[in-house]
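Please consult the sequence and structure shown below alongside the text.

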Amino acid sequence: MLANKTALVTGSTSGIGLGIAKALARQGANIVLNGFGDSEGPQAEIATLGVQVAYHGADMSKPTEIEDMVKFAASRFGRVDILVNNAGIQHVARVEDFPVERWDAVIAINLSSAFHATRLVLPAMRAANWGRIINVASVHGLVASAEKSAYVAAKHGVVGLTKVTALENATTGVTCNAICPGWVLTPLVQKQVDAKAAALGLSNEDAKKQLLGEKEPSMQFTTPEELGELAVFFCSPAGANVRGVAWNMDGGWVAQ
Ligand code: NAD
């Protein structure tokens, strides 16, 4: 379905981004990976799916590096057809204790990076009259949790950016939508499981159950594979007139 299309997925060396990259690759899209840590393993995984894969290590907190990455993707594959703004970090602290430097980093990586990548890919998408921009927000783009001020502010911002981008392109073949996962057991969440286990003297399994029990009625983690299939739907012909939604996949978290 996505043969001859190119998807740039930010923060795709692990977790949700890698899951979405693999799902798009299974549909035939060439993939540009981004993110820190090991990039060779993820590149090899994508290559086994029979598509072309490239990697750019832009730090998503740096607009000049984001610009360089978009130029790299265009020079390698001609154009970015699908942009998945996924890179994100978390920091947990009460507002009055929140380190200013962490606030700035969360806003830069979780929110401003999506603005920069979006503004840079839009002209070519508009010229082709086809594009898909998928923003990985969070249930925290829709509701709040204590001690996550920067993350919740950034993710609410991402949902707002999604709606504006969708509206500005509503008469074109370019759509923009957000995905709002509940708990997904990635390194980002395992850190929170570890913190809970340490603070309460719990086993890893009991800390996971407690984390799920607080928020996610299904008592199940959403998986990167499930989120990947939602991204595929947004890219499919049936998704052509889905514009500006913030679609939660959260085991019932925000239904409460
Ligand atoms: P993760 O830690 O597994 O992956 C984050 C990715 O972002 C990694 O590839 C990392 O290298 C990359 N990254 C971090 N800082 C970066 C930077 N400055 N520049 C470039 N890349 C950077 O986390 P994840 O859980 O897969 O999170 C992915 C996205 O999903 C994030 O936006 C997160 O907020 C969102 N999300 C996660 C959950 C969850 O439960 N895990 C829930 C809702 C939303």
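In which sense, left-handed or right-handed, does α3 pass α4? The crossing of α3 with α4 is right-handed. The model discussed here is predicted, and the points below are grouped by topic.

**Packing of α3 and α4**
- The axes of α3 (residues 63–77) and α4 approach within 10 Å and cross at roughly 35°.
- On the α3 side, the contact is formed by Pro63, Ile66, Glu67, Val70 and Ala74, which meet Ser113, His116, Ala117, Leu120, Val121 and Ala124 in α4.
- Sorted by class, this contact comprises 8 nonpolar, 2 polar and 1 charged residues.

**Ligand surroundings**
- The shell around the ligand holds 29 residues, of which Gly11, Gly15, Gly35, Gly88 and Thr186 come nearest.
- Two or more shell residues are given by each of α1 (15–26), α4 (100–128) and α6 (187–200).
- Domain 1 (6–182 + 223–255) and domain 2 (185–221) each supply at least three residues to the shell.
- In class terms, the shell around the ligand contains 13 nonpolar, 15 polar and 1 charged residues.

- Glu147, which is not a glycine, has a positive phi of about 70°; Glu147 sits in the loop between β5 (131–136) and α5 (149–168).
- Glu147 counts as partly exposed because 14 C-beta neighbours lie inside 10 Å.
- Met219, likewise a residue other than glycine, has a positive phi near 60°, and its place is the loop between α7 (204–215) and α8 (224–235).
- Met219 has 12 other C-beta atoms within 10 Å and is therefore exposed.

Definitions and conventions. Residues are numbered from 1 along each chain as its sequence is written. This is a predicted model: local features need pLDDT of at least 70, side-chain atom pairs count only at pLDDT 80 or more; totals for chains, interfaces and linings use all residues. A residue is near a molecule or strand if its C-beta atom, placed from the backbone, lies within 6 Å of it. Helices (H or I, at least four residues) and strands (E, at least two) are DSSP runs, numbered from the N terminus. Ala, Val, Leu, Ile, Met, Phe, Trp, Tyr, Cys and Pro count as nonpolar, Asp, Glu, Lys and Arg as charged, and the others, Gly among them, as polar. Domain bounds come from an automatic or database domain assignment. Axes are lines fitted to C-alpha atoms, for helices over the stretch in contact, and angles run from 0 to 180 degrees between N-to-C directions. A crossing is left-handed if the near helix is turned anticlockwise from the far one by less than a right angle, and right-handed if clockwise. Two residues are in contact if their C-beta atoms, placed from the backbone, lie within 7 Å. A residue is buried if 20 or more other C-beta atoms lie within 10 Å of its own, exposed if 12 or fewer, and partly exposed in between; C-beta atoms are placed from the backbone.
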